[in-house]
Every structure is written in C-alpha cells, then in structure tokens.
Amino acid sequence: DVDRYAVNGQSRVLMVAAREVSQSGIPGGGNWQTKHLVYTHGFGPVAVQVNTATAEGAPIFTVSDIPPVGSPNPAEPRVYYGEVSDVPYVIVGTGTDEIDYEGASSSDQQKYRYEGEGGIPMGGILQRAMFAWKYKDVNLVISGLIDSNSRIMIYRGIEDRLRKAAPFLDLDGDPYMAVVDGRMVWIWDAFTTTDQYPYSQRVDLSDATGNSALPGEANYIRNSVKVVTDAYSGQMTFYDVSGGTDPIIQAWGKIYPGMFTPGSEAGTDLSSHFRYPENLFQIQATQFAKYHVTDPQVFFANQDAWQVPDDPTIPANVDQAVEDKPSGALRPNYLLMRLPGSSTEQFQLIMPFVPDGRQNMVAWMAANSDPESYGELVAYEFPKGENIDGPSQVFGRMNQNQQFSSERTLLGQVGSTVVFGDFQTIPVGESFLYVQPVFVRSSQENAIPELKFVLVANGDTVGVAGNLADAIAAATGAETTGGGEPPTGTIDEQIAELLTQAVSHFEAADAALKDGNLALYQSELQQAQDLVQQANDLASSAVPGEPAPSPSP
C-alpha cells in the first residue's frame, strides 16, 4: 500500500505491506492444533521507498526482517486481523503457546501468548458446543487445550468483519495498512451512496472504478467514513469525517447510537495517514470529463468531452498471440509533489485526461491528501492548440526505442517474461515526465519479478536505464559531477562524513525538484546515492582491528 512516512526527517512515499500468517502454507499442511491454536498471527510490516531498488532490481527495504528492523517499526508487530483469512477462526489463551516466528532453525521458535482483549471468551462447555455447531468442528468441544481463559477470534478478514458490522456502507477497492502510534492498523475508506439525489446524473460505479464490489448506479457518493481496524485486537472505529454534514450518516447514527466517532477525534498521527480514496476520485474524474464544460451549447453538443485515458500496459502485458486484448482505464497514482504555484510538497492523487476518442493529453486533475488541505481538488487544462502527448503515445515511443526494443527481444528468448509496471504521468514544474518501470520474471514457478529497466520520456527523448536516477539523466541530458575530497579518520568517522555529504545532496535535489530543474535534481540525487553506497561498502568491508580503508571519491 502506498503511503507517506518520515524517513530521516524527510517525508517520503513508501510501499508498505503487512506480513500476515498463512495457515494454508504450513509445511506438511498442518493439523487442527497448528492451524487454529499455534499459527495464529502474522508478524510485522515490510516497507520500501518507491523510487529505489538494488542493482539486481530487488527492493531496498526501509523496514524488513523478523523481528522487524528499520522504520516504520511498530511497538506491537503482531497481526491477528488482516486482509487474508485462511481459516474461519483461531483460538488464543489456550494450553499451548503460539508461534511468533522461527529463528535460525525450526527448533528455535519464538513463543507468545496473546495479551489483548480481541476475540470472544470461550466460556464453559455450552458455549464451546455452540461454536462447535456453528463451525461443524467437534475439536472445539473435545480439545483439552481450550479452557475458560481461551478466546476465539472470528471474522479475522477485515472485509468480512466490516460488512458484518456495517453492510449499509460501500467500500473502496483498496484498504491499506498503516503504522500509527506504534500499532499496525487497517484503514478503509467507506462511502454512503444513493441513486435518488434530485437533478443529478447517475453513474455506474463499477464501470467508473473497475471495482466490482461497488455495484449499481448512484448520483450521490460521499467518503463520509474512515474505518480503522486494529490488527492486534480487531477493534473497529468508524470515524465520521463528513463533519456531521452527511444526512445518510446522520440517519444511520440515529439508528445505531454511538457507532460513529467524530473525525476530529482521530488524532494527528492517524489522520496524517488518511488518503483521498482512489475509487471516489475515479468517479469524480469520470463526471468531470464531461461537466468541466461551462458553455451550455458546447455541453449539449458534446464538443469538448474528455475521457480518462486507457492504460497502455494492460494489452502490452498480454500474450501477443491473443487477438482480443483486454483494456481498461489508467488508474490514478499517489505522488508526493509540488503543485504549480505552490511552495510545498503535498501528497496528491493525480489523473490525466485525453479528448474523447483521441490520445493527446488535454488536462490533469489532482486530489490532496494532506490533513490541512484534505479533499481539495484542482484541475489544470492545457492551452488550446498545444499538443501534449498522452500515455498511449508516449508508451508507444518507449517501446520503439531501439535500445529497449533490442533488450526486450533478448529477454524474451531466455525463459523470462517482460512485465510492465504502472505507467506514471508525473507533473514536474511546468513540464511532464512519463515513467515506465519494466520488470522481468523467470518462467520458473513462483519466480519473483525483478526491476530490469526504468523508461523515462522527456519530450521526444526516451531514457533507458536500470534505475530511475540514471533514466532521468538519460532523458534530460544531465551529467553527474565528481565528489569532493574523500573523508579521513576512523571507519565510524568516515561513514558519518559520507552520510553528512549525502544528506546535503539529497536536500539540494529536493530544492531542484521544487524548482522544476530536472537536470540538477538528477545530478544531486545521483551524488547522494553514490555517497550512501560508499558508506555501505565501507561498513560492510571493515575488519575489526585493521586500519580503516579509504573510500573512493
């Protein structure tokens, strides 16, 4: 899940995922006891900064390992409730220990006993018999490991849990995990909808979003509720973020008093992770593509209609032998960026537009997710008569690039598959960069994709490289400059000096990006990354008791 966190004092966009338990993946299949009493929970998050990768194309983690190391690192890393639920229930507080994780060997297991208030007390034999009848499982009655202190956790999948509690809410297609106040929580945007709003055109929600869980038509939709589920206790909090102005939520609040908590009580740490929901933005973009027109004659003649462009990577990722290749609209993407005329970076959800039936880009729209300006929508329309390439046109130019075309052909002949990642249209200053990551996946079973190329288009120039910084340099014609004098002193002193220099270059790169100076941005960023790599190499090559080696400048 894409979110923003502070990394070394700077706001950065990270991809964060919860490491959940997989009872179906227990070696040998497991038995009833291991599936329901022992392997009860996942452990910790993993996170990567979105614009980094190793030389081999693997992620560079900001938090990894078990137990988790890095940032964001929760004080309570255990995940009892999540997006995955292999078994209908687990039981904690039994006569056997749960497993947190295995150490260096299978015999080195870290044990744990649940200390929270999640789940339902098993009680006596009658209550156990009721659960046994519900789940058609006699073990709940006959097991000697279950007693009155045991608690059964049911509906551990957050979707099942939420729909049981609030079936009257519609849900965004992408719940996301966040580390908040030292705990792992799931945040899910919920909508109130109706098709009875007066004098308003209805929209097919699933067509506009690609989310089949948003059925039917509506002419009123509002992200009135943020549902936050604690991954450890399963507690759900329904935050009314409409400010008490949504009549539908007001009605449900009267039916279920106390169910909704005012959004003002969410707290700074939690609200800083609230995102503008992707599905709502897609619906608004679908309507804005037509209703941006203010001249009635032009509107009714449909002379200036726009549309959300097709995602060019969808047919490209399908076997070339397939004639009817699937298509779909380009999805909006979250970026930490500075809007034109703004002096600060903000976490924005952006979407480009093309004219109806054409491929050139005519406008783009952004939705703000920062707390102080949350929900603000802005649109930028390009001057009439200017031709700005759209996603399909740029993607075609990237594929025709001689260097990439030859590399792609070669990779397809050695038992690998080329997979295109998300195509991104990124406003930078008063210009655009188009970024296309390209992954390679081996034909072997369960092979993990690796980032092989990054393609960056800047006007008519396409840069092809193994990482984003070098691709930007190739697309903008930037060159890196040499570093300063190599540091001296002890190993720790040299590492500290290298990292201090790197921070200075990172700050200079941020300033250049805010000014729209792509060449200087790339140069400073490359120097900073080189210095960090030198520090890493120095730390890994150091031998206790030997003189400190000198890093290359």
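Guide: A quick definition before we start: a salt bridge here is a side-chain nitrogen of Lys or Arg within 4 Å of a carboxyl oxygen of Asp or Glu. Please also keep in mind that this is a predicted model.

Visitor: Got it. Which residue does K226 form a salt bridge with?
Guide: Its partner is D189, and the closest N and O atoms are 2.4 Å apart. The pair links distant parts of the chain, with K226 in strand β18 and D189 in strand β15, 37 residues apart.

Visitor: And is K226 buried or exposed?
Guide: K226 is buried, because its relative accessibility is 1% and the cut-off for buried is under 20%. D189 is buried as well, with a relative accessible area of 2%.

Visitor: How accessible are D230 and R183?
Guide: D230 has a relative accessible area of 11% and is buried, whereas R183, at 31% relative accessibility, counts as partly exposed.

Visitor: Okay, let's go to the start of the chain. What does D3 form a salt bridge with?
Guide: With R4, and there the closest N and O atoms are 3.2 Å apart. D3 counts as buried at 1% relative accessibility, and R4 is buried too, with a relative accessible area of 8%.

Visitor: How many salt bridges are there in the whole structure?
Guide: A search of the whole structure finds 12.

Visitor: Which residues are linked in a network?
Guide: E76, R78 and D100 are linked in a network of salt bridges.

Visitor: Nice. Changing topic: which residues form a nonpolar patch on the surface?
Guide: That patch is formed by I125, L126 and M130, and together they have about 350 Å² of accessible area.

Visitor: Where is I125 found?
Guide: I125 is in helix α2, which covers residues 125–135.

Visitor: And why does I125 count as exposed?
Guide: Because its relative accessibility is 54%, and exposed means over 50%.

Visitor: Great, thanks for the tour!

Terms used: Residues numbered from 1 in each chain as written. Predicted model: local features only at pLDDT ≥ 70, side-chain atom pairs only at ≥ 80, totals over all residues. Heavy atoms only, no water. Buried < 20%, exposed > 50% of the residue type's maximum accessible area, 1.4 Å probe, protein only. Helix = DSSP H or I, 4+ residues; strand = E, 2+ residues; numbered from the N terminus. Patch = residues over 30% accessible without salt bridge, like charges linked within 9 Å, V, L, I, M, F, W, Y side chains within 5 Å. Areas by Shrake-Rupley, 256 points an atom, 1.4 Å probe, with all protein chains shown as cover.
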